[in-house]
Amino acid sequence: FITKCVEPKKTLQSVDWNMIAILGGSLAVAAGVNESGTGAWIAEKILALCGGETAKPAMIMIAISLVSVILTQFMSNSACCAMLTPIAISLAQALGINIMYFVIPMLCMSACAVSTPIGSPCMTIALVGGYRARDYMVIGLPLAIILTIVAIILAPVCYSPFL
C-alpha cells in the first residue's frame with residue numbers, strides 16, 4: 001500500500017474474509033485454552049486416565065499423542081504445540097523419563113492438522129479453492145490416523161523412555 005504497488009481498494013476487495021475470521025477465531029480459542037488453565041487440566045486428566053503415579057510411559061505417550069492430534073484439528077497447530085509441550089515435559093519429569101519420548105510424538109501430531117481447514121494456515125488458505133470441510137475429512141482423516149500410528153510405533157524405537 002505504501003509504495004503504491006497494489007491498489008488498496010482492489011486488494012481489500014479480493015481478500016477472503018471468511019478465511020480471516022476462521023484464523024482469528026482459532027487463535028482466540030487457543031489463547032483461551034492457555035489462559036483458562038485447560039492445559040493443566042488436560043495434563044491431570046491424561047495422568048489420571050493412564051493410571052496416575054503408576055502409569056506406564058507408553059500409555060501416557062499414546063494419550064498425549066492422541067490429545068495432540070485431536071486438538072490440532074480444531075485449533076492452530078502452533079498454539080497446540082505451545083500449549084502441549086510444557087504439559088509433555090512436566091509429565092515426563094514427573095515420571096523421571098526422557099522428555100523426548102513424550103515431546104517428539106506430540107510435536108509430530110500437532111503438525112498433523114490435515115482433517116479440518118482451521119488447524120493450519122496452509123489448510124485454511126486451501127478454502128479459497130472451493131473445498132468443503134468434508135473434502136478435508138475424506139483425505140485428511142485417514143492420513144492423520146496413519147501418521148498417528150506411525151508416530152506411536154516409532155517413538156519408542158527412536159527415543160527410549162529411560163534416561
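The following dialogue concerns a predicted model and the terms used to describe it.

Biologist: Where in the chain is confidence lowest, and where is it highest?

Modeller: pLDDT is the predictor's confidence in each residue, from 0 to 100. The chain averages 81, and 88% of the residues score at least 70. Helix H2 (residues 17-36) is lowest, at a mean of 68, while H6 is highest, at 92.

Biologist: How many helices and strands does the chain have?

Modeller: Helices (H or I, at least four residues) and strands (E, at least two) are DSSP runs, numbered from the N terminus. By that rule the chain has eight helices and zero strands.

Biologist: Why are helices H5 and H6 called roughly antiparallel?

Modeller: Axes are lines fitted to C-alpha atoms, for helices over the stretch in contact, and angles run from 0 to 180 degrees between N-to-C directions. The axes of H5 (residues 77-95) and H6 (residues 100-110) cross at roughly 165° and come within 9 Å. Angles under 35 degrees count as roughly parallel, over 145 as roughly antiparallel, 65 to 115 as roughly perpendicular and the rest as oblique; H5 is therefore roughly antiparallel to H6.

Biologist: Which residues of H5 and H6 meet, and how do they divide into nonpolar, polar and charged?

Modeller: Contact means heavy atoms within 4.5 Å. Among the residues that meet are Cys80, Leu84 and Ala88 of H5, with Phe102, Met106 and Ser110 of H6. The contact of H5 with H6 comprises 12 nonpolar, three polar and no charged residues, where Ala, Val, Leu, Ile, Met, Phe, Trp, Tyr, Cys and Pro count as nonpolar, Asp, Glu, Lys and Arg as charged, and the others, Gly among them, as polar.

Biologist: Why is Val69 called buried?

Modeller: Buried means under 20% relative accessible area, exposed over 50%, partly exposed in between (1.4 Å probe, protein chains only). Val69 has a relative accessible area of 9%, and is therefore buried. Val69 lies in helix H4 and, leaving aside its neighbours within four places in sequence, is in contact with Met109, Cys112, Ala144 and Thr148.

Biologist: What separates the C-alpha atoms of Val69 and Ser110?

Modeller: Those atoms are separated by 5.6 Å, although Val69 and Ser110 are 41 residues apart along the chain.

Note on methods
Residues numbered from 1 in each chain as written. Predicted model: local features only at pLDDT ≥ 70, side-chain atom pairs only at ≥ 80, totals over all residues. Heavy atoms only, no water.
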